[in-house]
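Dear colleague,

I am handing over the structure below, and after it I set out what was found. Please read the notes with the model open beside you.

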Number of protein chains: 2
Amino acid sequence: MKKVKGQFIWINGEHFYEIANYDQMKPFFISLASDTDLWMYLSSTGGLTCGRRSPGEALFPYYTDDKITESYEFTGPRTIINNWIPFSNHQQPVCKISRKIAKSTVGNQIVFCEENHTLGLRFSYLWAPAGKHGWVRRATLENLSKEPVRIRLTDKLQNVLPAGVERKTQNEFSTLVDGYKKTELVPGTSLALFRMEAILVDRAEPSESLTCNTVYALGLPRADYSQTESKGVRGAYVARSTFNLQPLSSQTWYNVLDVSKDAVAVHELMHFIATPKRAIKAIEEAMRQSTDALIRIVHKNDGIQLTGDEANDARHFANVLFNTMRGGYYLNYPPQSDTEDLPLTFGRRHGDPSRPWNLFNIHVQDENGNPVVGYQGNWRDIFQNWEALSYSYPLYTNHIIAKFLNATTADGYNPYRISNEGIDYEVIEPENPWSNIGYWGDHQIIYLLRLLEISYKHDPQKLRALLHARQYSFANVPYRLKSYAEIVADPKNSIRFDDEEHKRIQAGNPTPQPLTTMADKLLITLLTKLSNFVPNAGIWMNTLRPEWNDANNALVGYGASMVTLCYMRRYVTFLQTLVQTDIQIATETLDFLRAIRHAYSNGNTKQFTDIVGTAGEQYRTKVYKGLSGEMQTMALEELQDFCTATLHKIDESIRANKREDGMYEAYNLIRFTDHDIEISHLYPMLEGQVAVLTSELLSPEQSADLLDAMHASELYREDQRSYMLYPNRRRKTFLELNNLPDEAKSLPVVQKYLGSILKQDRDGGIHFDAKFRNANELPEDLKDLYEQVFNHHAFTGRSGTFYKYEGLGCIYWHMVSKLLLAVGEVLQRTELENPATPRLLMHYMTIREGIGSHKRPDEYGAFPFDPYSHTPSMAGVQQPGMTGQVKEDIISRWFELGVSVQDGQITFSPMVIIPKDFIGDTLQFDYCGTHITYRLKIEGEPQIAYLNNAKATLTKEQSAHIFARDGQINNLELQLCVK
Amino acid sequence: MKKVKGQFIWINGEHFYEIANYDQMKPFFISLASDTDLWMYLSSTGGLTCGRRSPGEALFPYYTDDKITESYEFTGPRTIINNWIPFSNHQQPVCKISRKIAKSTVGNQIVFCEENHTLGLRFSYLWAPAGKHGWVRRATLENLSKEPVRIRLTDKLQNVLPAGVERKTQNEFSTLVDGYKKTELVPGTSLALFRMEAILVDRAEPSESLTCNTVYALGLPRADYSQTESKGVRGAYVARSTFNLQPLSSQTWYNVLDVSKDAVAVHELMHFIATPKRAIKAIEEAMRQSTDALIRIVHKNDGIQLTGDEANDARHFANVLFNTMRGGYYLNYPPQSDTEDLPLTFGRRHGDPSRPWNLFNIHVQDENGNPVVGYQGNWRDIFQNWEALSYSYPLYTNHIIAKFLNATTADGYNPYRISNEGIDYEVIEPENPWSNIGYWGDHQIIYLLRLLEISYKHDPQKLRALLHARQYSFANVPYRLKSYAEIVADPKNSIRFDDEEHKRIQAGNPTPQPLTTMADKLLITLLTKLSNFVPNAGIWMNTLRPEWNDANNALVGYGASMVTLCYMRRYVTFLQTLVQTDIQIATETLDFLRAIRHAYSNGNTKQFTDIVGTAGEQYRTKVYKGLSGEMQTMALEELQDFCTATLHKIDESIRANKREDGMYEAYNLIRFTDHDIEISHLYPMLEGQVAVLTSELLSPEQSADLLDAMHASELYREDQRSYMLYPNRRRKTFLELNNLPDEAKSLPVVQKYLGSILKQDRDGGIHFDAKFRNANELPEDLKDLYEQVFNHHAFTGRSGTFYKYEGLGCIYWHMVSKLLLAVGEVLQRTELENPATPRLLMHYMTIREGIGSHKRPDEYGAFPFDPYSHTPSMAGVQQPGMTGQVKEDIISRWFELGVSVQDGQITFSPMVIIPKDFIGDTLQFDYCGTHITYRLKIEGEPQIAYLNNAKATLTKEQSAHIFARDGQINNLELQLCVK
């Protein structure tokens, strides 16, 4: 067995990470980035899909990752050199070969290399984007031997798609699509046109297909391309050439692929390739420019660091790259106005072939190559990317907060998706069984809070001033939460869709709503959550959509979130700090607040919940009728009293949720009885611990204890040195699953239904008819028995029934990075001298190492500098690229570098200084576009690491220049002296 | 290159066709039949899908044929014997191997065999259905050498699907589906359960997955199955075993696969496999019974023939098998009543992975294994299968006619689909861009006519009596054809959907319609067609749906069918023979007829068309208001006059459509001008020639001339010795396609739009912007120019834009078999002594040979005894199994055997007697269940073939026994004396 080995190397002046013998690893999936709308996803097998803009403009079929991984023998490049077929597992003369794969740390190029030791030949090819030219494949064949070799070469690109095929059509009707295909070679050239003879429509009307995908080749001597022409079959680009390869020399050639060219563009191409040498030069130049452009973008967003830790630098670059690809970056800075305008470019909807329910759409440049302003994305994705972005462009933070607040509804929730053009909410589509409505309450508190905190750190007075500005609007979502009594009776059916309002919105004529203050908005969000507060259980999730982890979506209805409650704790604490004067809020809000406050007098859980629930209902009733627009002054004292009382109530609940094993409950189940609410617990979840650490309730000591408890618990996965979302559980086997307990067999109800709904097997076991997938359609008198067998009350959702994504045994890296950030925050609040500091630091380092940039490729499962979404139990990392993880890791990086902001002043003070993180004596990074150099001075005997308490703080004015990126302070050098 | 060779062989007592070195052929696709709901489609590569009932209950993914063909390395069986991997093209030690594939002539078993000459081993496996047990794979490893061999065996079934995955989900979301998979091994057994941990739903509710797909193995010594268990990945059944194989001995083992087992069924299986020897015996017995059952079904339907031509016998068996699988056969015979009841069983909706738009659903047995009565299918599919069936079960013919007539509408058309529960029509689905409405007018005349002819031959008096019975109803389809003027103005938009009536129908409360007579029904159908008669052009197709060939669907609107006109000619002739008395028809029909008759006085094309079109409109206006139910007597003389006049008019038109090359136009284009209708011609089509030959207009001499002309034309494809639907045409290349003619470039309108809708390339060419796929959205002043460039008036539909199915260069075998039948019919009408007879016979034989049962496998592209739908220009036969062709070939076979019926009497008189068609001196076949033996007596010097004029005719009484299948005449032996 050949050994897998990873290392950073340079190829033609570009920096790569190379994995030798990658074919000994399980196939892994890779995303290539580009500076334009070019996209590519490929497997380490060589199977790939790529194109421009969207899956509808693909050069190779856009199927799910499992299919792309398998497709390599029939899709994509295939080269035959004499009798040798590199990268194929197809039958061929047995030669001694070895393979390598390398990805550029910029993230836009990949190289496959196979050396044939028997023949003394090495073949490699690279994929790279080249802007307006499209995707480039550059292939090189080297003669490593001392003899000349006669080469008979067949070089193919298989299964090239024609222009004009929809993703779904290709997926479901590929055999029909094949019947329409025609591949033409422009006479006398290497230019092939991949076309549909017509666009597929079922109408009896002509539908001319007037664009084509194109492939041409450059650099192959005396090549014949005639086998490319075909009709009615999958397209393939076929080049054949015979040439001599001198000893220790090589031959290089190019394929250039692009989509959707019209006649004018094809004529352009014909001229372009008429002078091949010039064309090659232009292509190489475009590849370089593409890399430069990507570096420039990442550079602008503080993604370039130069430290002694290459792996770390590469990972940080990738984190910033993917964060920017998701959320975009600002075209104009600093902002020109005080609105919610966000002149973002480069962002796109995320999606990749391992997430078939997400489809991307990249629109980053206009026809002239100029950046396009715009953004769109799910609420819960895009704000997190903007949060990380705000550390580098802090002056837009209040704009983001405005966007956030303006996109919350008067009843206190947020819509599904936002874009520069407004908001989207879900609508029931009768034809689509996957369609559904509800409020995705996740992150509402914590996202807003983190944005507010950033704003506050950079300019507390500005934020305080905004509190009073009556300039915030309400999003109009036609969901109508039912009455409290209705929701209690059926919490899984809590929303009415207001068809009338929906139609008015569609018609551009929604019911107008008054503007309000930020203070009002901040309170409404909090009060809405509090109106669902079930003491000792958490925030009742009754808006049909889950909190963070939608694989736990079945918690909705009977689940209560301690996670949200923990975040509310920090939110309330922050409000206490922020608000220092009386505020203006809507009359309705003030009434709401007072009604909630009323609940804090004693009473049992049910009584409390009834009062806050009813308060929520009363507030909504007014809101749905139309806000009055009346504002009232709320005295600071009343707010302070409210916050104190609320905190008291929250803290009581968090403390009550400490488990015997030292961890905390994340979600609980509630069950309404006549006079009270029964609370039952679930298994521990990583999210709950992150939330408690983030809540700021625990002391450093308590935090360290919790981290110790987690490390000792079943959440920890030894093989990956990291934490799962929940302990891996054994599911019942098929034979165990649907079985009546022995003691139930003699019940009259069993006898009643035996032979109809209940069935007996020949070994005496009794089973529910397999068609009853839940109790809904069972007769009433069987429901208890069914529940006894299946325990659906504790059903948490998909998380308990699958093995990928957020499923059983999986590490979901985004949550691990949230944990890292939370521990970093605890450390920031902790004195260096605190006895808990070393323990906390040890946990921080351990979690960080688990994330993986220093892992071996075969341990990680892919290029370790690339972020991925999750690691299931049976394979390496999955879902490359745009994971939420990158945002947390970017923020944690500021902590590691010791950059912090307080009251508008920047402080540099890394808590730990590790000499090997320096190149020589320097460590360089960018912050708000300012180039920072740390220069290390070691006094005395060198150590592996130093704790550091010293700090350098800039003045407000200096800091303001940096925040504004005004060019006044382009470089900053700081000396770190340690001993 | 190893040579491909086909031959019939016997394997373990079963009859097979074997192709040696099939791996030298392009991969081909195969359908396996079964006597139950078990289905399997596989590629000669070994890739496959199979399951029960529908694609939703599959054991391997149901993808399109192109994907299944490629899937063989990752899906289905994979065996590793020491280092040898049979049937793989994956890298392995280079051995000398040879491969064979064999399919049983019963059609339900397939064998893959690979011999490793280097190792002296032969490995083969068979797939066979085994009724309630599911699909069986029987594998055998033979040691051909004289030394014992130590075998290390890994035997896998890869990518086994769990129960409970929808086809679309698997297709689009397979990577997600994988996350839910769990494969369990029942402890201590070889039984593996392939499950989803939950059923995929996006609702936050539990959805228990309580069934599983199952695989177990029998017969492997000391096997270990533990590698089968897995979670979160594709299921695979893995057996490992190590054993010694003695010289010249073999080891056989079994896999048995089934779907959707509940807990009770799994317990059953556990008991079943507890005694492996008994289980193997039971499985073998079930495989045998499954074959026997299939033979019994085909036998009942006259599918078994025993002649000297094995290939022919096998093809006939296959034809009857597939005709029965489509249309079913009767459970009760003779019929008990005189209704439209058809107690059919075994039929199913057709569909296979090469027709992704058709999905099958097999429901042929109830839970106890008893046949289920029912049928469903597209109108144009199912009646053709019933036509062939009626030769074997003639006494149901009038039931089928009743079903046919009752399923036509009062306005003279037929619905989309029929079933034993009624009719279906298409409805516009706003969400589905492929949905559409319209009347599929195809086959309406010719299907009905052929059924009437069969009825008439068997019992003319009975049919005549039915003419007067007022017992026929109207189908209620809520389509409302517009007024004649509206249709003329926009013939591609001719139907209004009557929402009100649709709702009434849905509610089970349609507008009642009176019953009427058969005579009335027969006339309405004819008059409706005549009301669209454009003299010299054909029957105007203005009901939004095409005639036979829906790949020509764009003809609808401006196309006129000479094909239908030809069939009408024979229909009218038949009416003249059939009707010998006054008849009772509806007042509305009589008015309609007289209005049409009025048009036959002179006038130009437009005047004629206006009159008949207006007659149609007037008739429809009454019908849509509700038929009066009033009947009137129509005198025989009036009908005779009408028929004569109609025939005169039709014949004029057919003759006018003779082309210069001796062939006839099939479809024409019409264009309404102010005072007339311009007619333009298209290219010749095979369908048009078939229709003219069928029309009975031509003399034998003229028919032979037409066939000569066809053979000399571009319709003929030399390589396949057969006829394409139309001549293959060269399509414009991309660079030729969208180009303004030079002379147009200076037009003012070009200058006006240059740079916007028109674009100039750098070589001076001017092109329409690629987004204009047809002229619809262009400004009015550009439409003419667009038409000049694209000639959309002559756009016929998909047929001109694709290369598979009915596309360019394709032979569509159903139409070839219609040609064969048509020539056979001409021969039946021709005296032996006619000088045209030898020419006609020569054409008959040539067409028949072209169809292919005697072709070499590599010429045909698959097993030559299997019917396939079409042969494109770039590959062998495509779409195995249920092609309409089988019906024509079954009927032609009666002609070849010389079986005919006239006036209730059966005559045996083969026109040509070929001694090599006999085994020894006998040729045996079944006819209406009676076993017929032809015994050949040759006098004088033997010849290759004899023309025969002698005939044996049974009495009416004898014939009636045979028609009734009453067991009175089970065997019949006839001596054929030739000299």
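**How the two chains are arranged**

In this predicted model, chain B can be laid on chain A with an RMSD of 0.1 Å by a turn of 180° and a shift of 0.1 Å along the axis, the copies being superposed by least squares on the C-alpha atoms of residues with pLDDT of at least 70 in both. The two copies are therefore related as by a two-fold rotation axis. The same surface serves both copies, since 100% of the contact residues of chain B recur in chain A.

**Conventions and confidence**

Residues are numbered from 1 along each chain as its sequence is written, while chains are lettered from A and ligands numbered from 1 in the order in which they are written. The model is a predicted one, in which local features need pLDDT of at least 70 and side-chain atom pairs count only at pLDDT 80 or more, whereas totals for chains, interfaces and linings use all residues, and side-chain values use heavy atoms, with hydrogens and water left out.

Chain A averages a pLDDT of 95, and 99% of the residues score at least 70; pLDDT is the predictor's confidence in each residue, from 0 to 100. The model scores ipTM 0.94 and pTM 0.95.

**The interface**

The contact (heavy atoms within 4.5 Å) takes 105 residues from chain A and 104 residues from chain B. About 9,900 Å² is buried between the chains, of which carbon and sulfur atoms give 55%; this is the accessible area (1.4 Å probe) that two parts lose on being put together, summed over both.

Across the interface of chain B and chain A there are 12 salt bridges, each being a side-chain nitrogen of Lys or Arg within 4 Å of a carboxyl oxygen of Asp or Glu. The side chains of A:Glu172 and B:Lys168 meet in a salt bridge, at 3.4 Å from N to O. Several elements of chain B each supply at least two residues of the side that touches chain A, including helix H1 (65-70), helix H2 (167-179) and strand E12 (181-185); helices (H or I, at least four residues) and strands (E, at least two) are DSSP runs, numbered from the N terminus. H2(B) gives the most to this side, with 11 residues.

**Within a chain**

Over all chains, the whole structure holds 138 salt bridges. One pair is A:Glu701 with A:Arg839, whose closest N and O atoms are 3.2 Å apart. This pair links distant parts of the chain, with A:Glu701 in helix H18 (residues 700-712) and A:Arg839 in helix H23 (residues 837-851), 138 residues apart.

With kind regards
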